[in-house]
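Here are some exercises to work through with the model open beside you. Try each task yourself, then read its solution step by step.

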Amino acid sequence: MSVVRVPPPCPLTKATAVPVASVFRTVPSRAGARPLLPEICVLAVAAVLVALGAAGPVPALAVVALAGAAASTLAGVRLSRLTLGPDSPAGGAPAGRLARRRAARPRRAAALLHAAVVTAGLTAAVLPLASAGYRPAAASAGLAGTTALLGGGLFYLHRSRPSVRGQLHRLLDLAASGVCLVLTAWLLLPYAGVPVPVRLAVAAALGLLAVDALAVLTGAGREGGTARCRGGSALTLFALVLLAALPAGPAAGRAALLAVPPLVVGVLLVAAGVRQVTQPVPTRRAPMDWPRAVLPPVAVALAVIHQLQAGLLPDRTAVLLALAVVPPLVVRQLFGNAAATSTNEPGAAPDPASAVAPAPADSGRSVGRAGLLRALAARPEPACGALLVVDLHLTELPGRLVRDDVAAEAVRRARAVAAHDGEVFDLAGTGLAVVSGSGPVLAYALGTRLLTALSRPYEVSGAVLRSRPSIGLAELGRGQPDDLFRQADLARRRAAQLGRDRVEWYDAYLEEQLVRRLDLERELPGAVARGELDLVYQPVLGLADRAPVGTEALLRWRNPLLGTVFPAELLPVAEDLDIVGELGTWVLDRACRQLAAWTVGGRRLWMAVNVTTRELTSPDFVPRTAAVLEAYGVGPDQLVVEVAEPKVAAELPTVVARLAGLRSMGIRTALDDFRAEHASLAQLRRLPIDLLKVGPEVAMAGGDPHRPLLDVVVTVAERLGLEVVAEELESAHQVSGAHRAGCRYGQGFELARPATAERVEAYFEEFPSTSR
């Protein structure tokens, strides 16, 4: 049976703060992340260098070179890691050419922006080495190269293109502000010794960069990664323009220090922005109109006051720039009036950006990616109630028309369930949403009723289709509508991850988990190639003499961004990404290589390697294992292949065949996480294994009610010719209890902790007679 899911509602992520102190977060601020230490260190070093340059001990151009090199190096490292990331869609699922091209855009953008920050750093670094006459040319060349590379990188980061009407609105909105800021720069730049064309070009560049930064900080996507990249690019170019416009002679010293803050913050902000782009798509908030309307005129007024205080009058260029502010304002006003008039005319077509097509009167559907958000925004503050987002997840693969019929039927059922308790919104074929006015308990009850109604078969177009819905629920509060929608959708994703047919609440911890999961899915592909995997080894001891008889190889993923990740967290992600085989191949090879090194040193130990059921049942597992043993000259009886008992039941015949194949070669096999239940004991007789590993819930000391169960396990194991290993022993009480019960071997923190190969080898030196 093929499975297709109706795509989820457009994901919206949490917003992040704008101040410099928090722009370098690796994950959104509501997930509880803190600024990264390297960025803080670079900012602190730059501040110290600027202070030293201002005081005199360090030349100003040397400060620019050192601060720029430090910031661009760190930003380059961050961007190079993103450049090496996978260019396949998240989750590793197969996709078409268009999907692959879209998935590769952030990686290509990271490559271009990496080149841009390196170019900016090199530009700052060469200035102290160039003679005074060549510094403007060197800075201008670096400015041109950085501009081209930043433009290319931002082009690849741009995910959507607004309509022609939207572009014209945006251009007219920013034109007046841009002219005001160009006029401000013209008034503040020095007159003496600067040709008018050069001064006007520098003023235009500074003004355009300032208006771009203003648009980024006040636009609808101001809290997203692309906005951060644009803001960082504007700051970087602003710094390079200042360096290119430095006056000749001693006056260039102190003036160069002004370029350090925008250069350092700019390149770091570019790297942080690309990092955030690889997170879920950012929340789009309402644009902030007042800064664009107020700040540019205030800047012009302050510049005029400064010029009058200096005894200077505005020149002809300043007057022309002031007059140039008027046409954009007039055209914008006329355009707005015309648009409003055309919208209100009878028979006029609605604006696609703001209108929602009404549903047929008999469909019972409230349509909208827009109607739902308006309904949430219209609720009084503080709002009481809940938002439920539903994903149908059809278990068949119907055509588009059939899917539409199913969606319409689902909305009809939801409307019948929530007739007196909420309003239903059809999310354009991706599912549906319900806005309920009830409190949390009643809203959850509504969700369970929706599950029951939506899970019934759908008889449409002569076919019977089934659905496994997942429902996310978020309480309405004082948050923005898009935030509330994002929260409910995150809870819906969690319900899908936990197996569907359930309702899940949103909470902050859930959001942290999802962001962590997305980070794992993005970083894990390529971990082998980047050399991030590592093995630690935990000795296995004989409980009679406490001498080591073997070790177990334990996988660790050392990621510079995520820290140390343990198998319990990384293996489920690896299985979803279908890269378990790649990880298992690396683990087997590295473990056998280490075992060979210990064997050459005269020690005869076994090495236990954990494998998943998927690895074990692959057709090439047995011959591949034999090839690795032969390559390193390791005896087959020195390798123990462990498989977890709870996972073998689903593919028991294949597991039995693979284990038998391994034993026929002399490789020993072990059953891990044995639960000692009735079904497990019956299954134990069918499995060709040599070792049985039981956990602390079974291996308890005398007087515990589980003690008789351990006695039964040991007795059954002895009759089957198996040796029992008590694992996860963390106290002397557990060790003595396992020994008295008849367990031959033990493993756990009380006996020996996992450690690197060097430390384990030093531990073995305490037992000169260590052998199998």
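Two residues are in contact when they have heavy atoms within 4.5 Å of each other. Keep in mind that this model is predicted.

**Exercise 1. Getting an overview**

Task: Find how many helices and strands the chain has, and what share of its residues is buried.

Solution: 
- Step 1. Start with the secondary structure: the chain has 26 helices and 17 strands.
- Step 2. Turn to burial: of the 772 residues in the chain, 47% are buried.
- Step 3. Finish with the surface. The chain exposes about 35,800 Å², and 61% of this comes from carbon and sulfur atoms.

**Exercise 2. Looking into the cores**

Task: Which residues have the most contacts inside the largest nonpolar core, and what does leucine 687 touch?

Solution: 
- Step 1. The largest nonpolar core holds 76 residues, and Trp557 and Leu687 have the most contacts inside it.
- Step 2. Helix H19, residues 580–600, is the top contributor to this core, giving 10 residues.
- Step 3. Now pick out leucine 687 and set aside its neighbours within four places in sequence. Leucine 687 is then in contact with Val648, Leu652, Val655, Val656, Leu659 and Leu671.
- Step 4. Another core lies apart from the largest one; it has 65 residues, including Leu79, Ala110, Ala124 and Val325.

**Exercise 3. A pair of helices, H2 and H9**

Task: Are helices H2 and H9 roughly parallel or roughly antiparallel to each other?

Solution: 
- Step 1. Helix H2 covers residues 60–83 and helix H9 covers residues 260–277; they pack at an angle of about 5°, and their axes are 9 Å apart.
- Step 2. Angles under 35 degrees count as roughly parallel.
- Step 3. H2 and H9 are therefore roughly parallel to each other.
- Step 4. Look at who makes the contact: H2 supplies residues including Val63, Ala67, Gly68 and Leu82, while H9 supplies residues including Val260, Leu263 and Arg275.
- Step 5. Sorted by class, the residues in the contact of H2 with H9 are 16 nonpolar, two polar and two charged.

**Exercise 4. A second pair, H4 and H7**

Task: Work out how helices H4 and H7 are oriented relative to each other.

Solution: 
- Step 1. Helix H4 (residues 135–157) packs with helix H7 (residues 225–244) at an angle of about 170°, with the axes 9 Å apart.
- Step 2. Angles over 145 degrees count as roughly antiparallel.
- Step 3. H4 is therefore roughly antiparallel to H7.
- Step 4. Among the residues in contact are Pro136, Leu143 and Leu157 of H4, together with Cys229, Arg230 and Ala244 of H7.
- Step 5. The classes in the contact of H4 with H7 are 12 nonpolar, seven polar and one charged.

**Exercise 5. Buried or exposed?**

Solution: 
- Step 1. You need the cut-offs: buried means under 20% relative accessible area, and exposed means over 50%.
- Step 2. Arginine 517 sits in helix H17, residues 508–523.
- Step 3. Not counting residues up to four places away in sequence, arginine 517 touches Gln497, Pro572, Val573 and Asp576.
- Step 4. Alanine 377 lies in helix H13, residues 371–377.
- Step 5. Alanine 377 is 104 residues from proline 481 in sequence, yet the two are 5.8 Å apart in space, C-alpha to C-alpha.

**Exercise 6. Positive phi angles**

Task: What is the phi of arginine 500, and what is the phi of aspartate 673?

Solution: 
- Step 1. Arginine 500 has a positive phi, near 70°. Arginine 500 is in the loop between helix H16 and strand S8, and is buried at 11% relative accessible area.
- Step 2. Aspartate 673 also has a positive phi, about 55°, although it is not a glycine. Aspartate 673 is in strand S14, and counts as partly exposed at 34% relative accessibility.
- Step 3. Strand S14, residues 668–674, also holds phenylalanine 674, which is buried with a relative accessible area of 0%.

Technical notes:
Residues are numbered from 1 along each chain as its sequence is written. This is a predicted model: local features need pLDDT of at least 70, side-chain atom pairs count only at pLDDT 80 or more; totals for chains, interfaces and linings use all residues. Side-chain values use heavy atoms; hydrogens and water are left out. Axes are lines fitted to C-alpha atoms, for helices over the stretch in contact, and angles run from 0 to 180 degrees between N-to-C directions. Helices (H or I, at least four residues) and strands (E, at least two) are DSSP runs, numbered from the N terminus. Angles under 35 degrees count as roughly parallel, over 145 as roughly antiparallel, 65 to 115 as roughly perpendicular and the rest as oblique. Ala, Val, Leu, Ile, Met, Phe, Trp, Tyr, Cys and Pro count as nonpolar, Asp, Glu, Lys and Arg as charged, and the others, Gly among them, as polar. A nonpolar core is a set of buried Ala, Val, Leu, Ile, Met, Phe, Trp, Tyr and Cys residues joined through side-chain atoms within 4.5 Å. Buried means under 20% relative accessible area, exposed over 50%, partly exposed in between (1.4 Å probe, protein chains only). Accessible areas come from the Shrake-Rupley method with a 1.4 Å probe; for residues, only the protein chains shown count as cover.
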